[in-house]
Structures are given as C-alpha cells and as structure tokens.
Amino acid sequence: MHTVPIHQAKSQLSELIRAVENGEEVVLTRHGKRVIRLIKEPESVQPSIEARRQAIVAELQALRAKVAATAAEQGAGFDLLWQQHEAAQAARTGSWVKSDPPTAGHPKDDDAGH
C-alpha cells in the first residue's frame with residue numbers, strides 16, 4: 001500500500017494509476033490524515049448480445065402469453081384489448097391534454113411574445 005500526500009499525487013497521478021492497475025492500493029492523505037483510497041475497479045462481465053437478445057425474446061413471449069390469456073378470459077381479441085387500453089389512456093390524460101384548436105382572439109403558442 002502506497003500512502004501519498006495529495007499535493008504530491010498531482011504530479012505522480014499516472015504512476016499511481018499504473019500501480020493501482022497492477023493491484024496495489026494507494027491512499028491519498030491531507031495533512032497526514034487519510035482522505036481517499038484508490039483501488040482497482042473490479043472487472044464486470046457484460047452479457048453477450050446473444051444473451052440479451054434471448055432475454056428480450058423471452059420477455060416478448062411472456063407478454064404475448066399474458067395478452068392471449070387476458071383475451072381468452074374476456075372472450076376478446078387483441079383489437080378489443082387495444083381499444084380498451086386507448087380508452088383508459090385517454091381517460092387518464094384527457095384532463096391535461098388540450099385538444100381544442102386555438103380560437104380567434106387567442107395567440108398561437110408559437111406566436112406568443114412576438
């Protein structure tokens with residue numbers, strides 16, 4: 001373990017980083033007190049593209065099965081489920097979505113302040 005004052009570490013940063021990359025631990029101090037410890041970042045294993053693709057396909061298959069089961073329970077096809085979804089979404093957003101066109105006497109949003 002290396003203990004280095006911060007003011008000295010500024011000029012030796014590259015060497016300290018190499019030491020950390022080689023598995024050493026570096027502690028930076030200010031006025032003799034430990035301030036920060038530099039350690040090597042653990043290597044993480046990223047899932048392969050194929051593994052991610054398979055996970056997405058599995059999620060889609062589960063979603064399709066859920067939609068099919070709901071449709072079978074309600075005796076409805078996908079189109080009816082979609083219409084129900086759109087109606088529910090419109091009910092949720094209807095109070096804050098303004099669908100009325102601007103009326104005479106009111107400036108358009110893009111002309112405001114001009």
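In what order do the elements of the protein chain run from the N terminus on? The answer is β-α-α-β-β-α-α, with four helices and three strands in the protein chain. Here helices (H or I, at least four residues) and strands (E, at least two) are DSSP runs, numbered from the N terminus. The structure is a predicted model, in which local features need pLDDT of at least 70 and side-chain atom pairs count only at pLDDT 80 or more, while totals for chains, interfaces and linings use all residues. Residues are numbered from 1 along each chain as its sequence is written, and side-chain values use heavy atoms, with hydrogens and water left out.

The three strands form an open sheet in the order β1-β2-β3, with mixed pairing; two strands pair if DSSP finds at least two bridges between them. At the edges lie β1 (2-5) and β3 (33-38), each of which pairs on one side only. On average, neighbouring strands of this sheet are turned by 30 degrees against each other, direction ignored. Strand β2 (residues 26-30) pairs with β3 in the antiparallel sense over five bridges, and L28 stands opposite I36 in β3.

Helix α2 (residues 13-21) lies across β1, β2 and β3 and runs at about 140 degrees to β2. Such angles run from 0 to 180 degrees between N-to-C directions, with axes fitted as lines to C-alpha atoms, for helices over the stretch in contact (heavy atoms within 4.5 Å).

For the protein chain as a whole, buried residues (under 20% relative accessible area, 1.4 Å probe, protein chains only) make up 11% of the 114 residues. Of the contacts with a separation of 6 or more, 23% come from residues 24 or more positions apart.

Key: Buried < 20%, exposed > 50% of the residue type's maximum accessible area, 1.4 Å probe, protein only.
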